[in-house]
Amino acid sequence: MDILAQLVERFVNYRSSLYSDSILDDQFTELLKLQDESNPDFVVEVASLFFQDAEKIINNIASALKQGPVDFKQIDANVHQLKGSSSSIGAGRVKNTCVAFRAYCESQSFEGCLRCLQQVRHECTLLKSKLDMLFMLEQQILTAGGSIPPIK
Amino acid sequence: MECKCFDPQWPADELLMKTVAIVMTTAKVFTAAVSCITALMLVHIIPDLLSVKTRELFLKNKAAELDREMGLIRTQEETGRHVRMLTHEIRSTLDRHTILKTTLIELGRTLTLEECALWMPRRTGLELQLSYSLRQQNPVGYTVPIHLLVINQVFGTSRAVKISPNSPVARLRPLAGKYIPGEVVAIRVPLLHLSNFRINDWPELSTKRYALMVLMLPSDSASQWHVHELELIAVVANQVAVALSHAAILEESMRARDLLMEQNVALDLATREAETAIRARNDFLAVMNHEMRTPMHATIALSALLQETELTPEQRLMVETIMKSSNLLATLINDVLDLSRLEDGSLQLDIGSFNLRSVLNEVMCLIKPAASVKKLHVVLNLTEDLPEHAVGDEKRLMQIILNVVGNGVKFSMEGSILVIASVAKAEFLRDTRSPEFFTVRGDNDFYLRVQVKDSGSGISPQDIPKLFTKFAQNQSLTLKSTGGSGLGLAICKRFVNLMDGHIWIESEGQSAANRVQNSFPGLKVLLVDDNSVSRAVTRGLLLHLGCEVTTVSSREECLHVVSQDHRVVIMEVCVSGVDSYDIAVQIHGRFTKLHERPLIVALTRNTDKLTKENCMRVGMDGVIVKPVSIDKMRTVLSDLLEHRVLF
């Protein structure tokens, strides 16, 4: 019992930190509510969908920035997609970066776009590792026979 | 003188001899002739004589035989007469003892027996006890074990068997040495048990019990048992068996009749007592009805009047509480009176024609204020096959639904209450959970099915049976704020039963996990979104609310797939929005009739007025602003389905 309580406490603290760092926002909470007995792996599935999508978009943007005359409209479209995806999943920091990215696309700043691309990449990687950790802690609790406390 | 003599040729002697010779020859010839004739005649006569003789012998034999047979027939006739007499005597009574006694007496007389006795099997089945005897008045105590060889021998055949006079069953009188006991015969008497008389098959002979009848010829006499006497005994034994079984049947039926009479008397008494009790109860209720209501109404009326006077805030609070309590009390009194009338069947339904849909809507209106105070959402879903009008007890139907929905509101802390009214389908009626629920439908009848689902805390399985019991409170459900009298559901159940219906509760128990909310069961939604992540999230949201979701990722696909089946089309509208608007116009063009066209809802991040106006212009039915929460989606969908428009 003691170990389980420790696991739960660690999980709760970790999760709170993700929210306080704005890595996750309220939309992620909504996502958790959608997980039910008919859809038990909903969050994990949507998360992996997001990361696949993000990787594709980032690669597209990277190659667009590499070629001759940079097509800012196309980059903007891609960033728009990513913004939509990230806001759907509740990836707060990624979304904010996308907002900034779009501004740079508007002003057609190559440097800005490049910097934003790096940041987006960084944010996505960070989010992935944080979520992996969160899911692992969750799984530990479940295998120990406990249950996940809801977010207040 | 001359004599006429002639000179014989022969001398006198010779003449005599010749005469004799002639006579003798003639005699011989005659004799011979007679002998011949006799011989000839004898040839005919002797066979005749012989045959006559044989016939005479034959006839003598025949006469002797006939004499013998005559004797036999005579004896048989006599014994037959005796048997008939005996049978008549036996069958003329249904009393077991008389039957047996008579048998022994008659047999003794007919066959000139010294002693005749009957051994009956004891209850244990292991011994035979001397039960009846011709000479001894009250035979007592003689028993023999049943598994003796001689007894088995006798029981093994249906014929009378000669047994030794020394066998235990035959030694009935103390032997004084000088006597040479007479021959003894024993025969089995089948005792047919009642249980052998089954309806479908004849009695099983192998499981019968037997009694043993022993017959003794007089001692010191040379008489022997004749065959016909043995046959007589066999016949008598069978007759006795039948007579005994008749007697047993009679005993049984007499006993059963007596038992029935007793039970009838007891039942009559019980009925009378019950009637008296009901009358007493009704009298009490009639009096209390009036007596209780009068002061009740007075209290309520006066409190209402008091409220309209000048009161300090404290006083007002007190008066309000008095009013609330009085109203509660009045409801309780009414409920109790209703319930007792329901229980003894004196309550009649007020059958009349009414508008079914308006009843349901009115219930919703009545419950909405209480629900919105607790921030609960109440949704009414009426299926298309629900008729507009129905015939039944309108007031009580409303009371039932209001009670159940009210409970849902009372015991839910958050979430929504969903009321679905439909016509019960045949398959549903078949596998309904209650074994007592039989459905008998006329052609014009239909079963109204009302489901009330709430997202409350649930009910534990052990509390469920008590829910419909009157006055049984559940500890977990009673909260200070709720004032459940404990009667509401009990009355509902009785009203429902009176309407030939069935009411039950299903609860998933108390769980904190997310449950699939069946807010919109079977609602077909078409989701259009080209962003795979956002599409997956919105789809998950709709699935969680119980919808059936089809997803497409492009506008073209949408137009390809959309059909009458889809009640709602939710489409992601991006900034430019040109394509989406076009879709809406196309859908309008395709489905001209209002009830065929799916409702179109736009999903967008834009909160500006322009987007909204554009959506309205192209004929969309609503706009949802992202990000969408579960509650928001639910509210939007229910408002949309209710009013068909969201703007």
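**A tour of aromatic pairs and backbone features**

Select Phe51(A), which counts as buried at 13% relative accessibility, the cut-off for that class being under 20%. The model is a predicted one.

Next, display Lys128(A), which lies over the face of Phe51(A) at 5.7 Å from the ring centre.

Over all chains, the count of aromatic pairs comes to 2. For the other stop of this kind, move to chain B and select Phe155(B) and Tyr210(B), a tilted pair with 5.2 Å centre to centre and 45° between the planes. Phe155(B) belongs to helix H3 (residues 149-155) and Tyr210(B) to strand E6 (residues 209-216), so the pair ties together parts that are 55 residues apart in sequence. Phe155(B) counts as buried at 13% relative accessibility, and Tyr210(B) is buried with a relative accessible area of 13%.

Turn now to the backbone of chain B. Select Thr112(B), in the loop between helix H2 (96-110) and strand E1 (115-121); this residue has a positive phi of about 45° although it is not a glycine. Thr112(B) is exposed, with a relative accessible area of 52%.

Proceed to Lys375(B), located in the loop between helix H6 (356-373) and strand E8 (377-382). Its phi is positive, near 55°, and Lys375(B) is exposed at a relative accessible area of 72%.

Finish at Pro627(B), in the loop between strand E16 (622-625) and helix H15 (630-643). The peptide bond from Lys626(B) to Pro627(B) is cis, with omega near 0°.

Methods:
Residues numbered from 1 in each chain as written. Chains lettered and ligands numbered in written order. Predicted model: local features only at pLDDT ≥ 70, side-chain atom pairs only at ≥ 80, totals over all residues. Heavy atoms only, no water. Helix = DSSP H or I, 4+ residues; strand = E, 2+ residues; numbered from the N terminus. Buried < 20%, exposed > 50% of the residue type's maximum accessible area, 1.4 Å probe, protein only. Phe/Tyr/Trp six-rings, centres within 6.5 Å; stacked < 30°, edge-to-face > 60°. Lys NZ or Arg CZ within 6 Å of the ring centre and 35° of its normal.
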